[in-house]
Amino acid sequence: GVSGFVIIAESHISIHTFPDRQYVNIDIFSCKDFDATSSLSIVKRTFSLPEVKVWTLERGIDYATPREGYNGMVRERVHIGSEASAQTPRDSH
């Protein structure tokens, strides 16, 4: 298959094709609101897709101030670090 990416500032579109499986995976991410229904219609028409499965995830910055954003990032990364440490085998000596 073929993969392609379009990256614009903080947004992107990625497409991965699997012709042997008659499958395409498309991810559209935007830092701004956009019409997902219209985008889906365009994708279905462009790729002649009779059937699709769609997952819409609301993503973005949920913080009111840069300080809240920073604190949230630190909390999330500390949590990720603690999960990784718990999964790392410990030396038995």
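Let's start with S14 and the residues around it. Leaving aside neighbours within four places in sequence, S14 is in contact with G4, F5, N25, I26 and D27. This residue sits in strand β2, which covers residues 11–18. Please keep in mind that the model is predicted.

Is S14 buried or exposed? S14 has a relative accessible area of 7%, and buried means under 20%, so S14 counts as buried. Across the protein chain, buried residues make up 5% of the 93 residues.

Now for the chain as a whole. Its secondary structure consists of two helices and three strands. In what order do the elements run from the N terminus? They follow the pattern β-β-β-α-α.

Here are some overall values for the protein chain:

| Property of the protein chain | Value |
|---|---|
| Share of buried residues | 5% of 93 residues |
| Share of residues 24 or more positions apart among contacts with a separation of 6 or more | 9% of these contacts |
| Accessible surface | about 8,500 Å² |
| Share of accessible surface belonging to carbon and sulfur atoms | 54% |

Helix α1 is worth a visit too, at both of its ends. This helix spans residues 36–46. At its start, a side-chain oxygen of D35 comes to within 3.1 Å of the backbone nitrogen of T37.

Methods:
Residues numbered from 1 in each chain as written. Predicted model: local features only at pLDDT ≥ 70, side-chain atom pairs only at ≥ 80, totals over all residues. Heavy atoms only, no water. Helix = DSSP H or I, 4+ residues; strand = E, 2+ residues; numbered from the N terminus. Buried < 20%, exposed > 50% of the residue type's maximum accessible area, 1.4 Å probe, protein only. Contact = heavy atoms within 4.5 Å. Areas by Shrake-Rupley, 256 points an atom, 1.4 Å probe, with all protein chains shown as cover. Polar contact = N/O pair within 3.5 Å; in protein donor to acceptor, adjacent residues only side chain to side chain.
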